Amino acid sequence: MRSKSTPAILDFRRRLTRWYRRHGRDLPWRRTRDPYAVLVSEFMLQQTQVSRVEGFYHRFLARFPTVHHLAGAAHGEVREVWQGLGYYRRADNLHRLAQAVVERHEGRIPAESRVLMRLPGVGRYTAGAIATFAFERAEPAVDTNVARVIRRAFHPRARGTAGQRRIWQTAERLVPRAGNPAWTFNQAIMELGARICTARVVRCGECPVRRGCRTGARAAGM
Ligand code: SF4
């Protein structure tokens, strides 16, 4: 069972989601809960910037509109539509994943992260992302952006495997229990890591969670 949310956690969530509602980008995969479309976006977004992914996302879905279309496509066809996006292993994994979903799950993408993690190319982050962004499950999705925000805000000294474990534990405590708020929170923390608390520039002065952030408070001498 999850521990009770502390006032600090509640405050962090509230400030972050309020900021996201005002400033979050309107991205095509945020307008859908279609698990297949969310899955395609997640594979494309691995190691690739949002601005580059948008065009490919629409093109891919136009050519392979469902998991069945993708599962039945030839290997070369999938690679051809992926061309220009790079990291072709993602395309191969996505193709194999579609085939596995058709063979093992009657074409329905599973909602549980432990089941998702048995599919090709799906690690802990992607499983959490599909569960929360497609099915509004109250699960964390910790990619490099989210890990950076949590590290800076709660565990500035966290390093290595033990640090990663702490970050995931904190992410679990931060995610609201209800579906839609969990979806919004996970999008919001990802957005903060992509735009405010980035790897190269740390914009603490514009950050909505600065008050509850260990790094931000230290920088401001609070
Ligand atoms: S206050 Fe600064 S370090 Fe903390 S989360 Fe915001 S941008 Fe990152």
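This is a predicted model: local features need pLDDT of at least 70, side-chain atom pairs count only at pLDDT 80 or more; totals for chains, interfaces and linings use all residues.

Visitor: Which residues come nearest to the ligand?

Guide: Out of 14 residues around the ligand, the nearest are Cys197, Cys204, Cys207, Cys213 and Gly216. Two elements give two or more residues to that shell: helix H9 (144-154) and helix H12 (214-220).

Visitor: How many residues of the shell are nonpolar, polar and charged?

Guide: The shell has 9 nonpolar residues, along with 2 polar and 3 charged.

Visitor: Switching topic, how is the protein divided into domains?

Guide: Domain 1 takes in 7-25 + 138-220, and domain 2 covers 34-135. Their centres, taken over C-alpha atoms, are 26 Å apart.

Visitor: And how many residues of each domain are in contact?

Guide: Domain 1 has 8 residues in contact with 7 of domain 2. On the domain 1 side, those residues are 5 nonpolar, 1 polar and 2 charged.

Visitor: Okay, helices now. At what angle do H2 and H3 pack?

Guide: H2 (residues 35-45) and H3 (residues 50-63) pack at about 140 degrees, and their axes are 10 Å apart. Angles over 145 would count as roughly antiparallel, so H2 and H3 are oblique to each other. The crossing of H2 past H3 is right-handed.

Visitor: Which residues make the contact?

Guide: From H2, Ala37, Val40, Ser41, Met44 and Leu45; from H3, Val50, Val53, Phe56, Tyr57, Phe60 and Leu61. By class, that contact has 10 nonpolar residues, 1 polar and no charged.

Methods:
Residues are numbered from 1 along each chain as its sequence is written. Domain bounds come from an automatic or database domain assignment. Two residues are in contact if their C-beta atoms, placed from the backbone, lie within 7 Å. Ala, Val, Leu, Ile, Met, Phe, Trp, Tyr, Cys and Pro count as nonpolar, Asp, Glu, Lys and Arg as charged, and the others, Gly among them, as polar. A residue is near a molecule or strand if its C-beta atom, placed from the backbone, lies within 6 Å of it. Helices (H or I, at least four residues) and strands (E, at least two) are DSSP runs, numbered from the N terminus. Axes are lines fitted to C-alpha atoms, for helices over the stretch in contact, and angles run from 0 to 180 degrees between N-to-C directions. Angles under 35 degrees count as roughly parallel, over 145 as roughly antiparallel, 65 to 115 as roughly perpendicular and the rest as oblique. A crossing is left-handed if the near helix is turned anticlockwise from the far one by less than a right angle, and right-handed if clockwise.
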